[in-house]
Amino acid sequence: MMTSATGLLSFLSIVWTVTSLCTSRPSIKHPPQNHPDHDVIIVGGSICGLATSVALKTQLSPINVQIYERATSLKPTGALLSLFPNGMTALQNILGSLQTKSETKATLFDVLNQQSVSSQCTIIKQVQEGKVTDERVVKSVDKSNEGKSPGRFILWYQLQNILLEALESASLVDENFISLGCEFQSYSFDNSTGFIHATFKSRTDMGEITFTKTCKLLIGADGIRSTLRPLISRSDSMPQIRSYKRIIFRALIDANGVDPEIIPRIGAAVVYKSATNVGQIFKLQSCSEAKTIAVTATASTEDTEEVVRQWHSTEAISNWRKAFSDFPTDVLDLIDLCPPSSAYTNCVSDLQIDDKDQSPTLCWSNGDEPVVLVGDAVHGMTPSLGQGGNVCMEDAIELAMIMRRTTKTADTSIVDLTHAQVMETIRRLQSARNGRVVEIHRSSRNQASIKLSADSSLKNYQEKNEAFFRRLYEWTPTSIS
């Protein structure tokens, strides 16, 4: 297993490769007559956008999928991603038989299994006035999974690495599969051709430019603050972002600078919980054998999302030290070790769903144009069940498999599908996903609303909702179930 230094170099190597394939200004090559610039355009190059692109390429190859990402570079952040059985099933189908470029020729799903860590137990330490007053161990056991641990976890950038390598493997030689520094602006639909015209803004050495690209299908994978969602939502049904007045902080620490006595063993998590301030939690997890510690902390806040997002990295570290000033010195020392470059802070929030409606329909599309949302753009949820990323990857493979079935039935490629056939694909995706996603979203919100005490945990919640978790973890794509 690689060290943290070699792991980072590997990541940066892939970033360099991807960046070298990307241009601030997209290629000016013209497509064949009566064909769009791309079969599919994806807005957003985060985990959801990358996974959706890989899924489409593995399920519908050859297909021209282009990602446009607002960020100017891809870099490691402090996020740690939980992978549950449903997410692993989705990734296994997304990655398929794609192989790594290393001499081992292992599949990329094998690499995923090697780099992710099985969650074994959580050591909960209750703290008060700078001291640990109580300690207990909770094993990670899932009754619906033959007593095995239900979850795994992986560094966000490790999964990003794997998906980038999958894209490079599944794409044509010299194909520019992602364009960085391109901010989505708007779109229009040409009914005569069946093409979407998507407009982007890019900053180059020569200044700011605006350009338009055409596609058969436009996918919004640009997160809970999607710029695409308002364009397809009616003003009277526009989903609103709901804040829980809690702030979450993530960072990565090099374990070489940490006292070995406080480093969790592989597969274990250490959680410091305030005995007096409900919801104030500081969590540590060791990530594989890369000598990296992931920090996740939550605390109450009166600051708005806009204020929190404007914090500079160094300011975030200072604010978190103040928030946990009554925690043990071990916690304060760890906060001081958090490098500002990997620190990531935001508010706990979700997209509001009408609680009065037993079967609400989420905003997947407007029903008229070949535009569809996936991931947090359509169902952003709280992190309390750790399902946000897993459900995003379910969306990705479900869309790709439904699209494959549509093209197979029509005996044609995606670019030659009729508008009605593309819209039927979107309708089938909504039908397959909506009910399940609403249930997960609401369960995640319910867990977030529980007033956590020293005796309440996700394990207790699971025991009371065993049937739900069985349905959650035993998921398979509807196209193959």
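What is the order of the strands in the open sheet of seven strands? The order is β6-β5-β13-β14-β15-β12-β16, and the pairing is mixed.

## Model and conventions

This is a predicted model: local features need pLDDT of at least 70, side-chain atom pairs count only at pLDDT 80 or more, and totals for chains, interfaces and linings use all residues. Residues are numbered from 1 along each chain as its sequence is written, and side-chain values use heavy atoms, with hydrogens and water left out.

## Overall makeup

The chain has 14 helices and 17 strands. These elements are DSSP runs, numbered from the N terminus: helices are H or I with at least four residues, strands are E with at least two. Of the 481 residues, 54% count as buried. Buried means under 20% relative accessible area, exposed means over 50%, and partly exposed lies in between (1.4 Å probe, protein chains only).

Contact means heavy atoms within 4.5 Å. Among contacts between residues at least 6 apart in sequence, 73% join residues at least 24 apart.

β6 and β16 (344–351) are the edge strands of the seven-stranded sheet, each pairing on one side only. Two strands pair if DSSP finds at least two bridges between them. Neighbouring strands of this sheet are turned by 20° against each other on average, direction ignored. Axes here are lines fitted to C-alpha atoms, for helices over the stretch in contact; angles run from 0 to 180 degrees between N-to-C directions.

β5 (residues 121–128) pairs with β6 (residues 131–139) in the antiparallel sense over eight bridges. Ile 123 stands opposite Val 137 in β6. The two strands form a hairpin with two residues between them, and Glu 129 in the turn has a positive phi of about 50°. β5 also pairs with β13 (residues 268–274), here in the parallel sense and over seven bridges. The bridge partner of Ile 123 in β13 is Val 270. Further along, β14 (residues 281–287) and β15 (residues 292–300) are antiparallel over seven bridges. Leu 284 has Val 295 in β15 as its bridge partner. Helix α9 (residues 329–337) lies across β12 (241–254), β13 and β14, and runs at about 65° to β14.

## The three-stranded sheet

Another open sheet has three strands in the order β3-β7-β4, with antiparallel pairing. Its edge strands are β3 (80–83) and β4 (117–118), each pairing on one side only. β3 and β7 (residues 152–155) share four bridges in the antiparallel sense. Leu 80 has Leu 155 in β7 as its bridge partner. Helix α5 (residues 156–170) lies across β3 and β7, at about 80° to β7.

## Helix α3 and its packing on α11

Two packed helices are described by the angle between their axes and the distance between the axes. For α3 (residues 85–95) and α11 (residues 388–410), the angle is about 40° and the axes are 8 Å apart. α3 passes α11 in a left-handed crossing. A crossing is left-handed if the near helix is turned anticlockwise from the far one by less than a right angle, and right-handed if clockwise.

On the α3 side, the contact holds Asn 86, Gly 87, Ala 90, Leu 91, Asn 93 and Ile 94; on the α11 side, Asn 390, Met 393, Glu 394, Ala 396, Ile 397 and Met 401. By class, these are seven nonpolar, four polar and one charged residues. Ala, Val, Leu, Ile, Met, Phe, Trp, Tyr, Cys and Pro count as nonpolar, Asp, Glu, Lys and Arg as charged, and the others, Gly among them, as polar. Eight of the eleven residues of α3 are buried, so the helix is largely enclosed by the rest of the structure. Among them are Pro 85, Met 88 and Leu 95. Gly 96 follows α3, with a positive phi near 55°.

Asn 434 sits in helix α12 (residues 419–449). Asn 434 counts as buried because its relative accessibility is 11%. Not counting residues up to four places away in sequence, Asn 434 touches Pro 360, Thr 361, Leu 362 and Trp 364. Asn 434 and Leu 362 are 72 residues apart in sequence but 6.7 Å apart in space, C-alpha to C-alpha. A polar atom of the Asn 434 side chain lies 2.9 Å from the backbone nitrogen of Leu 362. The side chains of Asn 434 and Trp 364 are joined by a polar contact of 2.9 Å. A polar contact is a pair of N or O atoms within 3.5 Å; within protein, one must be able to donate a hydrogen and the other to accept it, and residues adjacent in sequence count only if both atoms are side-chain atoms.

Ser 202 is in strand β10 (residues 195–204). Ser 202 is buried, with a relative accessible area of 0%. The Ser 202 side chain reaches the backbone oxygen of Gly 181 at 3.3 Å.
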